[in-house]
Amino acid sequence: MSPEITISVESDWNEIHRVGAELESFFEHLRFSQEQCIRYSMIACELVENAIKYGHFSVDSRCAVLHVRVSGSTVLVQVTNPVHSEVRSHLQELDRTIQWTRGFQDPFEAYIERVKAISGEPLGMKKSCLGIARIAYEGRAAIDFYLDENERLCVAAVSTVV
């Protein structure tokens, strides 16, 4: 049986800190190094932040679900959250960002290019799109997404334990 954890996440910015702390404990329990605990918790926190930022949390679908599974040398981090039609344009942007990040030989290059682009933007900019590049570079993870049969967005990052 693979070690795994599932966490419900409310639409509250404080949830990011709670999720990070809970996952650091989870990875510590699995005897991951401190660097690994931070890396995989960061991946989850970036995905949770995006779910809160772009998700549609209504009375009947109040939360996102974070699922983490460690299987052999693979860590899967997946966040599933409700979306609505107004956010569909975000899915196209998410796809473009993921494809753009994959276009670099080294994820560090994508990360640096994104930081350079952000540095030229006004301070009040609403979207940095840095999280995906950060997951690819710092998390050493491949990212993808899909809409499930219930029109919920599932964003997953897969990383190899190093």
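# Exercises on a Predicted Model

Asn150 lies in the loop between strand E4 (141–147) and strand E5 (152–160). The structure examined in these exercises is a predicted model.

## Exercise 1: A loop residue

Determine whether Asn150 is buried or exposed, and state how far Asn150 and Val83 are apart in sequence and in space.

Solution. 
Step 1. The relative accessibility of Asn150 is 55%. The cut-off for an exposed residue is over 50%, so Asn150 counts as exposed.
Step 2. Along the sequence, Asn150 and Val83 are separated by 67 residues. In space, their C-alpha atoms are 9.8 Å apart.

## Exercise 2: The chain as a whole

State how many helices and strands the protein chain has, and give their order from the N terminus.

Solution. 
Step 1. The protein chain contains five helices and five strands.
Step 2. Read from the N terminus, the order of the elements is β-α-α-β-β-α-α-α-β-β.
Step 3. The protein chain has 162 residues, of which 44% count as buried.
Step 4. Among contacts with a separation of 6 or more, 63% join residues 24 or more positions apart.

## Exercise 3: Helices H1 and H2

Describe how the axes of H1 and H2 are arranged, and list the residues that make the contact.

Solution. 
Step 1. Two packed helices are described by the angle between their axes and the distance between the axes.
Step 2. The axes of H1 (residues 14–29) and H2 (residues 34–54) come within 9 Å and cross at roughly 150 degrees. Angles over 145 degrees count as roughly antiparallel, so H1 is roughly antiparallel to H2.
Step 3. The crossing of H1 and H2 is right-handed.
Step 4. On the side of H1, the contact involves Glu15, Ile16, Val19, Gly20, Leu23, Glu24, Phe27 and Glu28. On the side of H2, the contact involves Cys37, Ile38, Tyr40, Ser41, Ala44, Cys45, Val48, Glu49 and Ile52.
Step 5. By class, the contact of H1 with H2 has 11 nonpolar, two polar and four charged residues.

## Exercise 4: Helix H5 and its partners

Describe the crossing of H5 with H4 and with H2, and name the buried residues of H5.

Solution. 
Step 1. The axes of H4 (residues 107–119) and H5 (residues 130–137) come within 8 Å and cross at roughly 155 degrees. H4 and H5 are therefore roughly antiparallel to each other, and their crossing is left-handed.
Step 2. Pro107, Phe108, Ala110, Tyr111, Arg114, Val115 and Ile118 of H4 make the contact with Leu130, Ala133, Arg134, Ala136 and Tyr137 of H5. The classes in this contact of H4 with H5 are 10 nonpolar, no polar and two charged residues.
Step 3. The axes of H2 and H5 come within 10 Å and cross at roughly 160 degrees. H2 is therefore roughly antiparallel to H5, and this crossing is left-handed.
Step 4. From H2, Met42, Ile43, Glu46, Leu47 and Asn50 meet Gly131, Ile132, Arg134 and Ile135 of H5. The contact of H2 with H5 has five nonpolar, two polar and two charged residues.
Step 5. H5 is mostly covered, with six of its eight residues buried. The buried residues are Leu130, Gly131, Ile132, Ala133, Ile135 and Ala136.

## Exercise 5: A residue in strand E3

Determine whether Gln78 is buried or exposed, and list its contacts.

Solution. 
Step 1. Gln78 is located in strand E3 (residues 74–82).
Step 2. The relative accessible area of Gln78 is 18%. The cut-off for a buried residue is under 20%, so Gln78 is buried.
Step 3. The side chains of Gln78 and Thr80 make a polar contact (3.4 Å).
Step 4. Leaving aside neighbours within four places in sequence, Gln78 is in contact with Val65, Leu66, His67, Tyr146, Cys154, Val155 and Ala156.

Conventions: Residues numbered from 1 in each chain as written. Predicted model: local features only at pLDDT ≥ 70, side-chain atom pairs only at ≥ 80, totals over all residues. Heavy atoms only, no water. Axes fitted to C-alpha atoms, helices over the stretch in contact; angles between N-to-C directions. Helix = DSSP H or I, 4+ residues; strand = E, 2+ residues; numbered from the N terminus. Parallel < 35°, antiparallel > 145°, perpendicular 65-115°, else oblique. Left-handed = near helix turned anticlockwise from the far one by under 90°. Contact = heavy atoms within 4.5 Å. Nonpolar A, V, L, I, M, F, W, Y, C, P; charged D, E, K, R; others polar. Buried < 20%, exposed > 50% of the residue type's maximum accessible area, 1.4 Å probe, protein only. Polar contact = N/O pair within 3.5 Å; in protein donor to acceptor, adjacent residues only side chain to side chain.
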